Amino acid sequence: MSDTIINVNDVSVMFRLYRERMDSLKELAIKKVKGQVAYDEFWALNHIDFQVGRGEAVGLVGKNGSGKSTLLKTIAGVLKPTLGSVTISGTVAPMIELGAGFDMDLTATENVFLNGAILGYPKEMLQENMQRIIDFSELGQFMDVPIKNFSSGMFARLGFAVATIYTPDILIVDEILSVGDWQFQQKCQRRIQEMLEQGTTLMFVSHSMSQVKEVCSRAILLHHGNLILDDDVNTVCRVYNTL
């Protein structure tokens with residue numbers, strides 16, 4: 001693929017499922033040294049291989065437990081593949097968990113700078129765009145409130161507003177548009193479309209096939225950690241509905 005921006009090369013991810021509960025890291029470390037830790041291997045992803053071109057909008061679909069979030073976290077660099085490799089060319093703005101990169105005890109304004117720093121945004125740029133963030137999130141009267149008091153919809157508003165104030169090379173969105181009111185979801189979709197028109201590459205997870213069809217032109221279907229179809233979005237959504 002010409003101008004490949006995401007290259008997922010034969011990626012597998014394995015988690016250890018411990019058979020007994022550990023009450024502390026110390027207990028786990030001691031039992032590991034003694035060889036007393038029993039666990040089962042769970043392969044969340046199995047030999048996943050695909051490429052994404054610059055400016056593409058690709059949906060990741062599959063039932064719960066299919067490996068979608070694990071794959072996005074691997075692409076975002078949050079998880080390291082057990083086998084294989086992921087190569088990224090450009091900046092990444094990941095929105096993979098509500099509240100990720102936030103401190104619950106800080107105010108919304110303070111979290112703009114914290115979350116922005118995690119995303120690599122300069123403080124000066126955040127200061128210059130603070131009003132735009134406030135306007136987009138529609139959280140003006142709540143910016144001085146600790147975010148531990150926020151609803152899931154308010155988290156989504158703040159996180160999306162910060163992540164998209166700058167146009168990244170790659171935007172990763174995991175179910176973030178499934179919370180909040182319909183009007184804000186539409187507002188986010190319009191912002192995503194603007195970013196796509198500016199050349200941003202999108203990796204998008206949603207259980208709403210209508211959202212996937214509206215935003216993406218291509219989709220990848222995962223099932224029990226396996227990639228079973230990579231095709232145009234309408235074809236993949238039809239197969240998804242038969243699972």
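Reader: Are Phe102 and Phe155 buried or exposed?
Author: This is a predicted model, and in it Phe102 and Phe155 are both buried.

Reader: How many aromatic pairs does a search of the whole structure find?
Author: The search finds 5 aromatic pairs. In one of them, the ring centres of Phe102 and Phe155 are 6.3 Å apart and the planes are at 20°, so the pair is stacked.

Reader: Where in the chain are Phe102 and Phe155?
Author: They link distant parts of the chain, being 53 residues apart. Phe102 is in the loop between strand 5 and helix 3, while Phe155 belongs to helix 6 (residues 152-163).

Reader: Which residues do ring pairs link into a cluster?
Author: The cluster consists of Phe102, Phe150 and Phe155.

Reader: A new topic, then. Why does Thr107 count as buried?
Author: Its relative accessibility is 15%, and buried means under 20%, so Thr107 counts as buried. Thr107 lies in the loop between strand 5 (92-95) and helix 3 (108-118).

Reader: And what is Thr107 in contact with, leaving aside its neighbours within four places in sequence?
Author: Thr107 is in contact with Met143, Asp144, Val145, Pro146 and Ile147.

Reader: Let us turn to strand 7. Why is strand 7 largely enclosed by the rest of the structure?
Author: Strand 7 (residues 201-205) is largely enclosed because 5 of its 5 residues are buried. Thr201, Met203 and Val205 are on one side, with Leu202 and Phe204 on the other. In a regular strand, side chains alternate between the two faces of the sheet.

Reader: Which strands pair with strand 7?
Author: Strand 3 runs parallel to strand 7 and is joined to it by 4 bridges. Strand 6 (residues 170-174) also pairs with strand 7 in the parallel sense, over 5 bridges. Val205 of strand 7 stands opposite Leu60 and also opposite Asp174.

Reader: Finally, which residues of helix 9 are buried?
Author: In helix 9 (residues 233-240), these are Val233, Val236, Cys237 and Tyr240. They cover an arc of only 100° around the axis, which puts them on the same side of the helix.

Reader: What do those buried residues pack against?
Author: They pack against strand 3 (57-61), helix 8 (209-215), strand 8 (218-223) and strand 9 (226-232). As for Tyr240, the charged end of Lys63 sits over its ring, 4.2 Å from the centre.

Technical notes:
Residues are numbered from 1 along each chain as its sequence is written. This is a predicted model: local features need pLDDT of at least 70, side-chain atom pairs count only at pLDDT 80 or more; totals for chains, interfaces and linings use all residues. Side-chain values use heavy atoms; hydrogens and water are left out. Buried means under 20% relative accessible area, exposed over 50%, partly exposed in between (1.4 Å probe, protein chains only). Helices (H or I, at least four residues) and strands (E, at least two) are DSSP runs, numbered from the N terminus. The arc is that of the directions from the helix axis to the C-beta atoms. Contact means heavy atoms within 4.5 Å. Rings of Phe, Tyr and Trp (its six-membered ring) pair if their centres lie within 6.5 Å; planes under 30 degrees apart count as stacked, over 60 as edge-to-face and the rest as tilted. A charge sits over a ring if NZ of Lys or CZ of Arg is within 6 Å of the ring centre and within 35 degrees of the ring normal. Two strands pair if DSSP finds at least two bridges between them.
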